[in-house]
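Subject: A structure for you to look through

Hi there,

Here is the structure I promised to pass on to you. Please open it beside this email, and then read on for what turned up in it.

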Amino acid sequence: MRTATYFFIFLNLSLALFEEPAVYPLPFLATSVLEVLCLLVFLGRLTHFAKVTLHNVFWKDTKNICIMVAILLSLTDLAIYGVLRMYDVRSIRWSRIVRPIFLINFAESRQIRRAFRSIRNTLPEITYVFLLFMFSLLMFSLMALKLFGERNLHTAEGLPYFRNYLEIVFDLYVLVTTANSPDVMMPAFDFSSWYTLFFIAFVIINTYIFMSLFLAVVYNNYKKHLKVMPRGAGD
């Protein structure tokens, strides 16, 4: 039962690769039949679980309620999407976002729920570090706007360089990952090599200090919640 449940959960999640817009497109009829099959298996598994569980215990378990709601939403969305498709009306499959509910809430997924709960408990404690990081990013973006915005600089493509605050925030956010380094600073460097000090300071503070601090806080808090979580808390 566990192997079959995991197989159909994996199949249900994998349908996103074959549904429009798809990586490997399949006909709508094929994906819809597979999805209905998966939902019927989930419903059968839930019905089996209800028959071996006390009635009041089954209906008090929020995991079972979540699975039933997810099945209902998926079937409703599939029916609406199919009808709209018959009339050549473009629509989206909004129920895809509920598919991970099956992975988390079935009884076989106790360890996944335990990890998910630890992540959820960790989020409030890393918010402060994230806010500090965002404050640093916004302040550096403001400094970049003041430093380069009035210099009439242009990128290699001829676009205005660092004149829009929101675009600066995005470019510096990407720079935290070093994905656009050193391209992002070349117009400033061509104007004056001293401007590299700004980008060096930004990388040191945000990439090396804040990202390391962020990772340490996430790891330590996740490990703490995983250790203190009582046995069976993932049920």
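Let's start with Glu20, which counts as partly exposed because its relative accessibility is 49%. (Buried means under 20% relative accessible area, exposed means over 50%, and partly exposed is in between, using a 1.4 Å probe and protein chains only.) Before going further, please note that this is a predicted model, where local features need pLDDT of at least 70, side-chain atom pairs count only at pLDDT 80 or more, and totals for chains, interfaces and linings use all residues. Residues are numbered from 1 along each chain as its sequence is written, and side-chain values use heavy atoms, with hydrogens and water left out.

Which residue forms a salt bridge with Glu20? The partner is Arg85, with the closest N and O atoms 3.5 Å apart. (A salt bridge here is a side-chain nitrogen of Lys or Arg within 4 Å of a carboxyl oxygen of Asp or Glu.) Arg85 lies in helix α4 and Glu20 in the loop between α1 and α2, so this pair ties together parts that are 65 residues apart in sequence. (Helices, H or I with at least four residues, and strands, E with at least two, are DSSP runs numbered from the N terminus.) Arg85 is also partly exposed, because its relative accessible area is 37%.

The general idea is simple: side chains of opposite charge can pair when their charged atoms come close. The count comes to eight salt bridges. Another one joins Arg93 and Glu19, at 3.7 Å from N to O. Since Arg93 sits in the loop between α4 and α5 and Glu19 in the loop between α1 and α2, the pair ties together parts that are 74 residues apart in sequence. Both Arg93 and Glu19 are buried. Arg93 also forms a salt bridge with Asp77, where the closest N and O atoms are 2.7 Å apart. That pair links Asp77 in helix α4 with Arg93 in the loop between α4 and α5, 16 residues apart. Asp77 is buried too. Glu19, Asp77 and Arg93 are among the members of a salt-bridge network, which also includes Glu35, Arg96 and Arg99.

Now for some backbone details. The peptide bond from Glu20 to Pro21 is cis, with omega near -10 degrees, and Pro21 is in the loop between α1 (2-14) and α2 (28-51). The bond from Ser181 to Pro182 is cis as well, with omega near 5 degrees; Pro182 lies in the loop between α7 (165-176) and α8 (186-191). Asp88 is not a glycine, yet has a positive phi of about 55 degrees. Asp88 counts as exposed because its relative accessibility is 71%.

Finally, have a look at α9, which covers residues 196-228. At 1.5 Å a residue, its 33 residues should span 48 Å, and the end C-alpha atoms are 46 Å apart, which agrees. (The expected span is 1.5 Å times one less than the number of residues.) Where does α9 bend by about 30 degrees? The bend is at Phe210, taken as the angle between axes fitted to the seven residues ending there and the seven starting there. Phe210 is one of the buried residues of α9, and others include Thr196, Phe202 and His225. Ile200, also in α9, counts as partly exposed because its relative accessibility is 45%.

Enjoy exploring!

Best wishes

Notes: Expected span 1.5 Å × (residues − 1).
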